[in-house]
Amino acid sequence: MTQTDQDFVSQPKKTVLYDRHLALAGQSRLAPFAGYLLPLWYSGIPAEHKAVRTAAGLFDVTHMCVLGIAGPAALPFLDYLTTNSVAALTPGRAQYSYILDDHGHVLDDIIVYCLAPSRYMVVVNAANTQKIKAWSAQVLNTQTDLFSPGSVTVLDIRHESPGRVDLALQGPASLFALFRLIPSEYHLRLESLKTFELLHVDSPQIDLIIARTGYTGEKIAFELFVDPSKAPWLWDTLLDLCRDLNVIPCGLGARDSLRIEAGLPLYGHELDGPDLISPYQAGYPWAVKLNKPEFIGKTAIAAHAASFRSQIVRLSFPGEKGIRPIRPGDAVLDKFNTCIGHVTSSAGIHDTQIALALVLSGKIEVDQPIALYYASRNAAQTQLGRLPRPEQNMKLEPDLKGLVLPRFAKF
Amino acid sequence: MVPENLLYTRDHEWARIDGDTATVGITDHAQEALGDITFIELPKISQSLAVHGFLGSVESSKAASDIYSPVAGSVTEINKVLTVQPDLINKDCYGAGWLCRVKLTDPDPSKNLLSPAQYQQFLESNA
């Protein structure tokens, strides 16, 4: 058997919850991810996926970078650095956004949380941590006419004390779970929290920032920002208090199948990556505010907005046992069996497979049939004539027939 | 779990030698690491296999893994039920989850394989 991708070039780090993962998932199910050892699953990917859709799942996302951005120039700095309008955020509100480079290419997709005037949290993908930290520092060092030295501080607040790390609690039971955790005087505010709003629970027993954000597509879903020293306690307490609500720990496998089912992009697959996929192609034009006076990459992305030709779509295919799983790189075929694009991510969910794919715009419609050609998986298949890298415009024999879904799922 | 009547490879395949025939499969360690197996690609009847040569592949929701042959020979039988019930490999990897049977071309295949004790030691040292 080939080893599943174990990249031990440098030893992966442990998150603050490593001991729990070792106890609950076992050594063999821990895999390196963005430099950290994290569980692929605890009880099984299908069970965890279902739990989030019907009860709630708890995810260790403490590996995601949490930047604290503060200072008199914090707002103009963030408005310059990101595509969405940070000026539109009032304390207690958050937004999905992008950091672009000068060519308009996506460096990361982020969520910006406004804690107070001139005080923000920005959550950055774990895999892009070093890149974004270096980029921010470079912007501050070179744009000293815009941001005088010391007018903005950027800190990794996972490593500060007091600090914040991110745990995600997602699914319909998550609100009830949090009611059991937080003092009753916060319940009404929590219940009225809208999506992309946040609330700070600051009591003697617990200091928690609760944001109604997440990566599973669930409407009732929260990210919990807590001091790293309290993260193990929070993890244990939520699981113990809410066992009867069927709240269970969920690993990377379910995190991926949930976000794919929902249609949410993963950096490197549905954003940037080899095809340099933009926010427009990914389906998020509203997160790029071209009416902002200036932001890094604005000219380039504005030109792109007027001329892009392909976009991310969500497709459904059969997935019963015995049907070969779809993989990124597989070719998407239109009704004439012409390759119009390729799969960027896919997941098996019960008896279905959901694929996200980058395809030529205007070639397919929601609720219409679509087909798929499997790219060659190994030398044996290639020798039999299957193509390892099927290309656009090729005519290919379909292997699987499916359906075009709406771009995003509604739960 | 490492049954005593089988021989093993460092790639987590097993072989049961019965005279000039071998039955081949993947070990408990392999099926455990893969998770729920959803798809299996088996060799064809009369396909010839080399030691550590490509035999087939197995896919789960999170991983795709190539399987290498522990023995040299030609395939005489494949476990067809796996194409509709690939999870038999998870449930019973040493029994009902067998992959194929091979007519051996080498009279002494064990020289390329690990004993149960050696495989056990290999697992422990790589934990």
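# Exercises on a Predicted Two-Chain Model

Chain B contains three helices and nine strands, where helices (H or I, at least four residues) and strands (E, at least two) are DSSP runs numbered from the N terminus. The structure is a predicted model, in which local features need pLDDT of at least 70 and side-chain atom pairs count only at pLDDT 80 or more, while totals for chains, interfaces and linings use all residues. Residues are numbered from 1 along each chain as its sequence is written, and chains are lettered from A and ligands numbered from 1 in the order in which they are written.

## Exercise 1. The fold of chain B

Task: Describe the order of elements in chain B and decide why its radius of gyration agrees or disagrees with that of a compact globule.

Solution.

Step 1. Along the sequence, the elements of chain B follow the pattern β-β-β-α-β-β-β-β-β-α-β-α.

Step 2. The radius of gyration is taken over C-alpha atoms, and the globule rule is 2.2 Å times the number of residues to the power 0.38. For 127 residues a compact globule would have a value near 14 Å; chain B has 13 Å, and therefore agrees.

Step 3. Along the principal axes, the C-alpha atoms of chain B fill a box of roughly 40 × 35 × 20 Å.

Step 4. A residue is buried if 20 or more other C-beta atoms lie within 10 Å of its own, exposed if 12 or fewer, and partly exposed in between, with C-beta atoms placed from the backbone. In chain B, 46% of the 127 residues count as buried.

## Exercise 2. The contact between the chains

Task: State how many residues each chain gives to the contact, and which elements of chain B take part.

Solution.

Step 1. Two residues are in contact if their C-beta atoms, placed from the backbone, lie within 7 Å. Chain B gives 27 residues and chain A gives 20 residues.

Step 2. On the side of chain B that touches chain A, at least two residues each come from α1 (28-34), β4 (37-41), β6 (54-60) and β7 (64-68) of chain B. The largest share, four residues, belongs to β7(B).

Step 3. Sorted by class, this side of chain B has 11 nonpolar, eight polar and eight charged residues. Here Ala, Val, Leu, Ile, Met, Phe, Trp, Tyr, Cys and Pro count as nonpolar, Asp, Glu, Lys and Arg as charged, and the others, Gly among them, as polar.

## Exercise 3. Strand pairing in chain A

Task: Identify the strands with which β15(A) pairs, and give the strand order of the open sheet of three strands.

Solution.

Step 1. Two strands pair if DSSP finds at least two bridges between them. Strand β15 (residues 310-318) of chain A pairs with strand β18 (residues 352-360) of chain A in the antiparallel sense over nine bridges; Gln311(A) stands opposite Val359(A) in β18(A).

Step 2. β15(A) also pairs with strand β20 (residues 400-405) of chain A, in the antiparallel sense over three bridges. There, the bridge partner of Arg314(A) is Leu405(A).

Step 3. The open sheet of three strands has the order β1-β3-β2 (chain A), with mixed pairing. Its edge strands, β1 (13-14) and β2 (30-33) of chain A, each pair on one side only.

Step 4. β1(A) and strand β3 (residues 36-39) of chain A pair in the parallel sense over two bridges, and the partner of Lys13(A) in β3(A) is Tyr36(A).

## Exercise 4. The two sides of α7(A)

Task: Determine which residues of α7(A) are buried and which exposed residues lie on the opposite face.

Solution.

Step 1. Ala231(A), Leu234(A), Trp235(A) and Leu238(A) are buried in α7(A). They cover an arc of only 100° around the axis, which puts them on the same side of α7(A); the arc is that of the directions from the helix axis to the C-beta atoms.

Step 2. An α-helix has 3.6 residues a turn, so residues three or four places apart point the same way.

Step 3. The face turned away from the buried side of α7(A) carries the exposed residues Trp233(A), Asp236(A) and Asp240(A).

Step 4. The elements against which the buried residues of α7(A) pack include α1 (18-25), β4 (56-60) and β10 of chain A.

## Exercise 5. Backbone exceptions

Task: Locate Asn246(A) and His350(A), and decide whether each is buried, partly exposed or exposed.

Solution.

Step 1. Most residues other than glycine have a negative phi, and most peptide bonds are trans.

Step 2. Asn246(A), which is not a glycine, has a positive phi of about 65°. Asn246(A) is found in the loop between α7 (231-241) and β14 (247-250) of chain A, and counts as partly exposed because it has 14 C-beta neighbours inside 10 Å.

Step 3. His350(A), also not a glycine, has a positive phi of about 55°. His350(A) is found in the loop between β17 (339-349) and β18 of chain A, and counts as exposed because it has 10 C-beta neighbours inside 10 Å.
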